[in-house]
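Open the model in your viewer and keep the sequence panel beside it; the stops below say what to select next and what is there.

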Amino acid sequence: MLIQQYLHQLKLCARNRTLTTAKSLHAQIIKLGIITQCIPLANTLVNVYGKCSAASQALQLFDEMPQRDHIAWASVLTALNQSNLSVKTLSMFSSSNGLRPDDFVLSALVKACANLGSIKHGKQVHCHFIVSQYSHDDVVKSSLVDMYAKCDLPDSAKAVFDSIRVKSTISWTAMVSGFAKIGRKEEALELFRNMPIKNLYSWTALVSGFVQSGKGLEAFSVFTEMRRESVDILDPLVLSSIVGACANMAASIAGRQVHGLVISLGFDSCLFISNALIDMYAKCSDVIAAKYIFSRLRHRDVVSWTSLIVGMAQHGQAEKALDLYDEMVSHGVKPNEVTFVGLIYACSHVGFVAKGRELFQSMSKDYGIRPSLQHYTCLLDLLGRSGLIDEAEKLIRTMPFPPDEPTWAALLSACKRQGKSQMGVRIADHLLSCFKPRDPSTYILLSNVYASAFLWGKVSEARRKLGDMEVRRDPGYSSVEVRKETEVFYAGETSHPLKEEIFGLLKKLEEDMRRRNGYVPDTSWILHDMDEQEKEKLLFWHSERSAVAYALLKGVPGSPIRIVKNLRVCGDCHVVMKHISEITGREIIVRDASRYHHFKGGKCSCNDFW
């Protein structure tokens, strides 16, 4: 009777996650000397410690148990998984002296493989499952579906899913998520439509999967349908995902609407939602709104600080980003890998070479963070902008990662900017001989470097290789928000209702640029085989120019012009944007495929290094 009472009280502790009460009951049980007499009592205690995220206590108790049955093993392995110690889960089982896992142990092992993304170990566990007496267990199969889906193998997940006799909502949701997050939209939607029962987590899986695979519009469509279906948003994860979609697409109007929904549902005090909003506003070029959200946070974690630091760095506010870092450290918050990416990136925009080197060294010295390729690339960018080309090349040749095409292209761009013709030709030759460049802009860069050295044969070779690629680029387009509406322009588009007005304004601006600034179109950015006049015409109708003209015609006078472009701004358009900002006295903010450009007073925040 006494043991039953303790079992009941411990189960309540597990349900309510009351660790203090569990420890008190454990102490009483030890004093009474009954823990060794009752295996279920010890097993339940291990389970309670696991549910209360006290893996060390669960492990200690497990080690002290004179007898361990399958329930004990399942309990301790689950406890380790719940505490993000899945590596320990697998290592413990491998040293279990031939334990034959039951369905509960198998489920715990599959969960560990899913947490680690370890498909190799996952397939091994799957083989154990197939030859075991539990090979028809639907719970283990559901765990396998989840594991394969998380490892981006939805076809393998589907094969297991089809063998489940009674399919749970969890397994349906795992399948939907698996297909959505690798961009297989139709299969994800078909599975979702066929689900017998949908809950908030099913909708969230589809929305989040589409956001992860870059299908922001599809995510919005599903989220809108979810709202029409009046699904109660009791968990804010779906809101975090849709805020992320707004950030990825720089859709500030939609972002503000979602922000309003967050407030109306009472989730504005949720830290990870606030962090997502900071990131969203920064990516939508509204750093003021990002700073406002940050200032209202009662608690700030490393993501909060880093989101604002990176946002400021991306928008050219380097000194403020560095000051924010000092404040963050003074508050005892430890920076992470992303923090240092933003900081070194910030240093590159203002030429703080010594500070950039200091931060790069501080990563490993002070915080034990091993620099990644991205950190090396940011440092390379800093050295290249500052004219330290030899040091930049030495960095590439000594870093612990094989340099890729973008890395060499960044150094080549630095050589071109600094007038290092001989070095540029040497690096260009290396790029052509050791890589097959996939980015068309790399070939433009190669062509320009060879042209500056009067190596016309190699210019022809670079352009011929570009032709051999049969590049199928996405059509260039730019979107601009004007008076709470978004207008999209495509390169070469001449069917817009305001075509004549846009043409007239662009023509007038071009005449002003030629007269005031000596502007001459740089047709080297046009790779098509055509005469100079046709090339100039193509440049004239690049999408960002039409977007700027439209904003000047229809926008609020004096307000910043915010443009999002799917491709990288070409060199000629970059020059044109600087001139237009000076002539009109307007700030033009362009987010292209590579970075943010703040054009103001004839200058750009990227310092012409893009």
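**Charges over rings**

Begin by selecting Arg300 together with Phe294: Arg300 lies over the face of Phe294, at 4.2 Å from the ring centre, where a charge sits over a ring if NZ of Lys or CZ of Arg is within 6 Å of the ring centre and within 35 degrees of the ring normal. Next select Lys167, which lies over the face of Phe161 at 5.2 Å from the ring centre.

Before going on, note that this is a predicted model, in which local features need pLDDT of at least 70 and side-chain atom pairs count only at pLDDT 80 or more, while totals for chains, interfaces and linings use all residues. Residues are numbered from 1 along each chain as its sequence is written, and side-chain values use heavy atoms, with hydrogens and water left out.

**Aromatic pairs**

Rings of Phe, Tyr and Trp (its six-membered ring) pair if their centres lie within 6.5 Å, and planes under 30 degrees apart count as stacked, over 60 as edge-to-face and the rest as tilted. By this rule there are 14 aromatic pairs. Select Phe340 and Tyr367, whose ring centres are 5.9 Å apart with planes at 50°, so the pair is tilted. Because Phe340 lies in helix H21 (residues 337-350) and Tyr367 in helix H22 (residues 353-367), this pair ties together parts that are 27 residues apart in sequence; helices (H or I, at least four residues) and strands (E, at least two) are DSSP runs, numbered from the N terminus. Phe340 has 0% relative accessibility and counts as buried, where buried means under 20% relative accessible area, exposed over 50%, and partly exposed in between (1.4 Å probe, protein chains only).

Now move to Phe503 and Trp541, an aromatic pair that is stacked, at 6.1 Å centre to centre and 20° between the planes. Phe503 lies in helix H29 (residues 499-517) and Trp541 in the loop between helix H30 (532-540) and helix H31 (543-554), so the pair ties together parts that are 38 residues apart in sequence. Phe503 is partly exposed, with a relative accessible area of 35%, whereas Trp541, at 9%, counts as buried.

**Positive phi in two loops**

Most residues other than glycine have a negative phi. Select Ser285, where phi is near 65°, a positive value; Ser285 is in the loop between helix H17 (271-283) and helix H18 (287-295), and counts as buried at 10% relative accessibility. Then select Lys484, which has a positive phi of about 65° and lies in the loop between strand S1 (477-482) and strand S2 (485-490); Lys484 is exposed, with a relative accessible area of 76%.

**Helix H9**

Finally, select helix H9 (residues 138-150), whose 13 residues should span 18 Å at 1.5 Å a residue, which agrees with its end C-alpha atoms being 18 Å apart; the expected span is 1.5 Å times one less than the number of residues. Eleven of the 13 residues of H9 are buried, among them Val140, Leu144 and Tyr148. What covers the buried residues of H9 includes helix H7 (103-116), helix H8 (119-131), helix H10 (154-162) and helix H11 (169-181). Just after H9, Asp152 takes a positive phi of about 60°.

Methods: Contact = heavy atoms within 4.5 Å.
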